[in-house]
Amino acid sequence: MTALLAAAVVVLCVTLLGLAAVHVRYRRRRPARVPPSTGRILFPFTARALSAPALDAALRLASAEHATVVPVFLARVPLHLPLDTPLPRQCSMAVPLLEAIEQRAVRYGVPIDARIERGRDRRHSLRETLADESYDQIVIAASEPDSDGFHSEDVAWLLDHADGEVVVVRPARDEGISVAPSDPAARNGSPVLAPTS
């Protein structure tokens, strides 16, 4: 009986030593803690000009600098309407795009703090964004003159009026992110990433 008890004690000690060794190895291999988010990177975009390469650039920058990306959907309010008028059509475009940005940000491990900013045009919305938001950097996608994105005049205006760093991205081949309205998932409220030329 004592021999069985002694053998059980030896097996228990060996098992405990093995578990301790695994625990020590695990603690050594565990990645270092990621510092909390410290900066804010604005990423303004419009409904028809959400550039995938520019968004990826903003997310990579935020990942490297442990910053929060603030995607800002710039909503246009026509002059004949008050600025605080509800905009259901534009919000129905903005929400799926903001959800698509959040899904993409998960891959980079980047926090998102989404916004919708109203203005009479892109530049007015940008002015309101700069006045309302605290930020360290702005990543903006420059576009071709025939597209609906930010043209050289908008970028020049932003360079003159922004306080933080401005990163201008103009991809050689731009792929936009859009929500495909004909897709059943999009009708149910789920964003669908669809590259557009």
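These legends accompany several close-up views of a predicted model.

**View A. The five-stranded sheet.**
Start with the whole sheet: it is open, has five strands in the order β3-β2-β1-β4-β5, and its pairing is parallel. Strands β3 and β5 (165-169) sit at the edges with a single partner strand each, so one side of each has no neighbour in the sheet. From one strand to the next, the twist averages 25 degrees.

**View B. Strand β2 and its partner β1.**
Here we zoom in on β2, which spans residues 67-76 and has nine of its ten residues buried. Strand β1 (residues 39-45) runs parallel to β2, and seven bridges join the two.

**View C. Strand β2 and its partner β3.**
Now turn to the pairing of β2 with β3 (residues 115-119), which is parallel and held by five bridges. Leu 74 stands opposite Glu 117 of β3, and Arg 76 has Gly 119 in β3 as its bridge partner. Together with helix α3 (residues 88-108), β2 and β3 form a right-handed β-α-β unit.

**View D. The largest nonpolar core.**
This core holds 26 residues, and Phe 43, Phe 45 and Phe 73 have the most contacts inside it. Two or more residues come from each of β1, α2, β2, α3 and β4 (137-141). Helix α2 gives the largest share, six residues. Leaving aside neighbours within four places in sequence, the contacts of Phe 43 include Leu 50, Ala 54, Leu 55, Ala 58, Val 70, Val 72 and Val 139. Another core, of 13 residues, lies apart from this one; among its members are Val 70, Leu 74, Leu 130 and Tyr 135.

Is Arg 104 buried or exposed? Arg 104, a residue of helix α3, counts as buried because its relative accessibility is 12%, and the cut-off for buried is under 20%. Its side chain makes a polar contact with the side chain of Asp 56, at 2.9 Å.

**View F. Helix α4 across the sheet.**
Our last stop is α4 (residues 122-132), a helix that lies across β1, β2, β3 and β4. Relative to β3, helix α4 runs at about 125 degrees.

Definitions and conventions
Residues numbered from 1 in each chain as written. Predicted model: local features only at pLDDT ≥ 70, side-chain atom pairs only at ≥ 80, totals over all residues. Heavy atoms only, no water. Buried < 20%, exposed > 50% of the residue type's maximum accessible area, 1.4 Å probe, protein only. Helix = DSSP H or I, 4+ residues; strand = E, 2+ residues; numbered from the N terminus. Pairing = 2+ DSSP bridges. Right-handed = clockwise from strand over helix to strand, strands pointing away. Core = buried A, V, L, I, M, F, W, Y, C linked by side-chain atoms within 4.5 Å. Contact = heavy atoms within 4.5 Å. Polar contact = N/O pair within 3.5 Å; in protein donor to acceptor, adjacent residues only side chain to side chain. Axes fitted to C-alpha atoms, helices over the stretch in contact; angles between N-to-C directions.
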